[in-house]
Amino acid sequence: MFARSAFRLSQPARQSFRKYSTEATAKGNNLKNIAFVVGALGVGTGVYRYMQSKPVTAEEIKERDKVFTGGDQGFVDLKLSDIEILSHNTKRYRFEFPDKEAVSGLHVASALITKYTPPEGKPIIRPYTPVSDEDTPGYLDLIVKHYPNGPMSSHLDSMNVGQRLDFKGPIPKYPWQPNKHNHIAMIAGGTGITPMYQLIRAIFKNPDDKTKVTLVYGNVGEDDILLKKELHDLENTYPQRFKAFYLLDSPPKEWTGGKGYVTKELLKTVLPEPKEENIKVFVCGPPGLYKAISGGKKSPSDQGELEGYLKELGYNKEQVYKF
């Protein structure tokens, strides 16, 4: 049973012309003539320079190099440059690129594979979705929750600034295009918010993308809500298009939202109905969340059958994507 759920509806926030004039002063005909000649020369020079200049073509604009190119590219080791503690068991790790002007090369939605080989034993490999913008040059950020029995999260938790980690990718996930769906819903638990945030960020930074987004995000406690400020800012900026519902297992006394398990009734209340045209529901989180909400994936390339609450509510397999 998924036990990372309590529910809260965030309340969205409500959302010179200067005229210049110039008057000529009467200083005599000579001054007027001089002013006319000088003005004409200035205009002529400007026209000449304009005619001589060439518009900048796309080929002349240097495209930023990409750190990760996929295909046959092997692992790339990156240096850890900064660590930020987000909660008692979660940190944000910043890894810098050798070329400060390069970008990651990730597309939406995609992830990276990390690899660490202990002194004794087999390599440990885990996928992560960076939370930094794909167009940001010089670095990428990972948000990782430390699980005591998690080999990779334990290794990351033990890392110090200056140490290095191997990365490979990008690993394609759900290919996004602006306005691909009219309305998308996201059901996330814990660090399952990271691929959701990658998609949310891409939608709302594109003024041509009018997609509506509903997020249901479950955590154990209030301090476990990752990217809370970023999500809150988006909700205030786009109150008609983005709504976030937070769920907590162990809310504080002052918590004004709900608590408890994710239920079928809750999802029926907040998600777009399955009969709505051109919708998509994304799911990402711990195994218990998948089991209750959608059923698990068979493999990274096989979504498996749709099960759980989403099937019971009438959604079909094509309407759901499991990260």
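**Entry 1: E101 and R64**

I note here that the model is predicted. I then asked where the two partners sit in the chain. E101 is in the loop between β3 (90-96) and β4 (110-116). R64 is in the loop between α1 (29-52) and β2 (76-87). The pair links distant parts of the chain, 37 residues apart. I looked up accessibility next. E101 is partly exposed, with a relative accessible area of 48%. R64 is partly exposed too, at 37%.

**Entry 2: D157 and K91**

I moved on to D157, which forms a salt bridge with K91. Their closest N and O atoms are 3.1 Å apart. D157 belongs to helix α2 (residues 151-158), while K91 belongs to strand β3. These are distant parts of the chain, 66 residues apart. Is K91 buried or exposed? K91 has 17% relative accessibility, and buried means under 20%, so K91 counts as buried. D157 has 28% and counts as partly exposed.

**Entry 3: D141 and R92**

I checked D141, which forms a salt bridge with R92. The closest N and O atoms are 3.9 Å apart. D141 lies in strand β6 (residues 139-145) and R92 in strand β3, so the pair ties together parts 49 residues apart in sequence. D141 is buried, with a relative accessible area of 3%. R92 is buried as well, at 17%.

I then looked for links beyond the pair. E84, R92, R94, D141 and E230 are linked in a network of salt bridges. I searched the whole structure and found 19 salt bridges.

**Entry 4: α3 against α4**

I turned to two helices, α3 (residues 193-204) and α4 (residues 228-237). They pack at an angle of about 35 degrees. Their axes are 12 Å apart. The crossing of α3 past α4 is left-handed.

Which residues meet? From α3 I listed I193, Y197, I200 and F204. From α4 I listed E230, L231 and L234. By class, this contact has six nonpolar residues, one charged and no polar ones.

**Entry 5: the buried side of α4**

I asked which residues of α4 are buried. They are L231, L234 and E235. Seen down the axis of α4, the buried residues fall within an arc of 100 degrees, so they line one face of the helix. I last looked up what covers them. The cover includes α3, β9 (212-219) and β10 (242-248).

How values were computed: Residues are numbered from 1 along each chain as its sequence is written. This is a predicted model: local features need pLDDT of at least 70, side-chain atom pairs count only at pLDDT 80 or more; totals for chains, interfaces and linings use all residues. Side-chain values use heavy atoms; hydrogens and water are left out. Axes are lines fitted to C-alpha atoms, for helices over the stretch in contact, and angles run from 0 to 180 degrees between N-to-C directions. Helices (H or I, at least four residues) and strands (E, at least two) are DSSP runs, numbered from the N terminus. A crossing is left-handed if the near helix is turned anticlockwise from the far one by less than a right angle, and right-handed if clockwise. Contact means heavy atoms within 4.5 Å. Ala, Val, Leu, Ile, Met, Phe, Trp, Tyr, Cys and Pro count as nonpolar, Asp, Glu, Lys and Arg as charged, and the others, Gly among them, as polar. Buried means under 20% relative accessible area, exposed over 50%, partly exposed in between (1.4 Å probe, protein chains only). The arc is that of the directions from the helix axis to the C-beta atoms. A salt bridge is a side-chain nitrogen of Lys or Arg within 4 Å of a carboxyl oxygen of Asp or Glu.
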